[in-house]
Amino acid sequence: MNDQSTALEADTVAVTNLAVLRGCVRSEPVTRVLPSGVTVLQFDLTTTITGDGRTSTISVPVAWTDPSSVAAGLVTEGAELVVVGSVCRRFFRVGGATQSR
């Protein structure tokens, strides 16, 4: 394989937005029903990042669309979970400033 064929293969690879998190549910989840009728379960997952000889803990907001009642019942404060999904940032205005979460 030469450099030209490697570059061509890299250009044809599909980009995937895939996130896998393992952590602990930080607080009780909140269930909301949107005007469209869609149910959203929101919670924060605390996880650890290790790199460059350092370890830090971060909290990641999770929004789960239309979970089954059985699955949603497993999401409780302190539960250890593995979450598989995609990253989506939301932008909104607060007090005249644009923020994201």
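Cys24 counts as partly exposed, with a relative accessibility of 28%, where partly exposed lies between buried (under 20% relative accessible area) and exposed (over 50%), with a 1.4 Å probe and protein chains only. Cys88 likewise counts as partly exposed, at 48% relative accessibility. The structure is a predicted model, in which local features need pLDDT of at least 70 and side-chain atom pairs count only at pLDDT 80 or more, while totals for chains, interfaces and linings use all residues. Residues are numbered from 1 along each chain as its sequence is written, and side-chain values use heavy atoms, with hydrogens and water left out. A search of the whole structure for disulfides, taken as pairs of cysteine sulfur atoms within 2.5 Å, finds zero.

The protein chain contains two helices and seven strands, which are DSSP runs numbered from the N terminus (helices H or I, at least four residues; strands E, at least two). Along the sequence these elements follow the pattern α-β-β-β-β-α-β-β-β. Of the 101 residues of the protein chain, 16% count as buried, and its accessible surface comes to about 7900 Å², with 54% of that surface belonging to carbon and sulfur atoms, as computed by the Shrake-Rupley method with a 1.4 Å probe. Among contacts (heavy atoms within 4.5 Å) between residues at least 6 apart in sequence, 45% join residues at least 24 apart.

The largest nonpolar core has nine residues, namely Val25, Leu41, Phe43, Leu45, Val62, Val75, Ala79, Leu81 and Val83; such a core is a set of buried Ala, Val, Leu, Ile, Met, Phe, Trp, Tyr and Cys residues joined through side-chain atoms within 4.5 Å. Two or more residues of this core are given by each of β3 (39-51) and β5 (80-85), and the largest share, three residues, comes from β3.

Most residues other than glycine have a negative phi. Asp52, in the loop between β3 and β4 (54-65), has a positive phi near 55° although this residue is not glycine. Asp52 is exposed, with a relative accessible area of 74%. Asp66 is found in the loop between β4 and α2 (69-73), and its phi is also positive, near 50°. At 48% relative accessibility, Asp66 counts as partly exposed.
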